[in-house]
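Visitor: Please bring up the model. I have some questions about its contacts.

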Amino acid sequence: MPNPMPNTPKIALRRYLANAKDVARTPVTVTADPAVTVSTNVAAPQPTDALEDWLVGGDSAVTTVTIPAHYTGQAVVLTGAAYAGGIVHVIVEAGATVALEERWRTSGEHLGIWVVLDVAADATVNWLTYDAMTSTTALVKRTANLAAHATLNWTTAGFTQASGATLIAANLIGTGAKATVNVGVLAAGKQHVGYVTAMTNDGRQTVGHINQRGVITGHAHLIFNGIGHIIHGARGSDNQQENRVLMLSPHARGDANPILLIDENDVTAGHAASVTRVDERQLYYLMSRGLREDTAKRLVIRGFLEAGLAEITDPALKAELFQTIDETLVNADA
Amino acid sequence: MTTLEITDLHVKVKAEPTHPEILRGVNLVVHTGEIHALMGPNGNGKSTLAETIMGNPAYEVTQGDIRIDGQSLLDMPVDARARLGLFLGMQYPAEIAGVTNAEFIRAAINARRADDDQVPIMQFLKELDATMATLEMPEDMADRYLNQGFSGGEKKRNEILQLMMIKPHFALLDEIDSGLDIDALRIVSKGVNSLRGPEFGSLIITHYQRLLDYIVPDFVHVMKDGEIIETGGADLAKELEKTGYEHLKGGVGNA
Ligand SMILES: Nc1ncnc2c1ncn2[C@@H]1O[C@H](COP(=O)(O)OP(=O)(O)OP(=O)(O)O)[C@@H](O)[C@H]1O
Ligand SMILES: [Mg+2]
């Protein structure tokens, strides 16, 4: 029996899957302490849905990165190849603390990127993913599985020029696991960009928060699906999500769809969603202090995205993101 | 000396073109070096006057003019008017998440300076610290998001912080005393008074004599039905405190 299609409301996943995925023989580059083990040419994870079938199909370099138990060393940086997607499996062993950075400035036609992160008990991971792909389309899947009392702080900066879909999943499997997923997305031109960000509370007393912010200009279309799922038995758990889209042009289209599935009583859950235009009152206030309209707009937009990107502390990366925002807006005004 | 001159000003709300004019022929001259108080019953056009001078796009001037030193402001957008020296302390300041107070004030100061002459960051922070100390604002207010979650009184104090940092020629202060406790009223007044001088003029909209005990005005005007119906010195405000507005003449009446 073929694997099922994943649930991607309002996103034409089938259409993207019809494209032939780019060959991806070059593995990601890994910069890390010697204590971290890196293996290439390993077997791909077992696909469980049609998207994963596509991601493992054809030629795809597979890299496994293992961060040993109780690691407290320097950040582990994964850099995608110039012309290839790929598959990465990151294993963080018990009690380790690590900052994980993943950067993709990859070009090509139809990119496939699949990253699986397994976080063992009591480990803490600060995960930053920076997607700046310039391919025509990109299909991205990232899944994090958390064991007991593991913590994940995850920020995704979605600044690609590609159309496509990104599926993010955090699975809170062990008791007391905690995850925050912040997503900041900029879409312009004729881009169609879809995010399906899922947070599943499986273990007891697990806490999962999703916070998605997107800014769109031109004729771009951005879809934020947030899926919060509390499984039966996950007593004392909390699942919250916020999905907000800011539209800067009359032709931009935004969708924010929160979905909550709750199969347990003793839990807290909530969601908020909005699709808005730039607030004229805010612009007026800023401009009444002498700021020119473009500066005022930039401040409002940066401020809006800040909620998704606040955890990014690297000044160089932040400057790059701000520059991309400014350039995108300048082009949109032209 | 700089002069702000309002002549025969008539104003409508753009979104409601069939409604009658809110301002119906306002005449007012404010020179730098002077403090003017504007009083009058609710809903009679005081905020509309301040917002129209500043250039709020919600309002449309149907007749008359607003000039600074003879130059008409009517075709200028709000940001150009601000750079020319106008400042409006708003009755309801906007909240902007993600933009810190300090970042915003620095941008406002830099907007008035050439690209190759931006204010040095250390100099800016030093002045910001000193001004916040004068206004007895906690240090973390600099790094908080602009007005986000500020209490009513904190927002008003923050308007005065911006005023003191920007140092405009003309400050239009719309009910800057509303929501302030007694101590805050004294502190905010001290801030405004520190700006008094030959290059600073102000139009202070208020309902209460209390503020004018601290910031003693040179002129007091009363607005009713979109017109200034009475002008006097500081004593006029004291008199109104006792008598109210009822006995003053007016147009169609306060609906
Ligand atoms: N943007 C607007 N849209 C619709 N009506 C408006 C607008 N601005 C002002 N008005 C109306 O114009 C009239 C004058 O309002 P304004 O705010 O200028 O009064 P005010 O004198 O400042 O009152 P207060 O003392 O209560 O602050 C009111 O009837 C008000 O409802
Ligand atoms: Mg008012």
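Guide: Helix α1 (residues 46-54) of chain B gives the largest share of the shell around ligand 1, three residues. Helices are DSSP runs of H or I, at least four residues, and strands are runs of E, at least two, numbered from the N terminus. This is a predicted model: local features need pLDDT of at least 70, side-chain atom pairs count only at pLDDT 80 or more, and totals for chains, interfaces and linings use all residues. Residues are numbered from 1 along each chain as its sequence is written, chains are lettered from A and ligands numbered from 1 in the order written, and side-chain values use heavy atoms, leaving out hydrogens and water.

Visitor: How far from an oxygen atom of ligand 1 is a polar side-chain atom of H207(B)?

Guide: For K46(B), a polar side-chain atom lies 2.8 Å from a ligand 1 oxygen atom. S47(B) also places one at 2.8 Å from an oxygen atom of ligand 1. For H207(B), the value is 2.9 Å.

Visitor: What share of ligand 1 does the protein bury?

Guide: Accessible areas come from the Shrake-Rupley method with a 1.4 Å probe. Taken alone, ligand 1 exposes 630 Å². The protein buries 65%.

Key: Polar contact = N/O pair within 3.5 Å; in protein donor to acceptor, adjacent residues only side chain to side chain.
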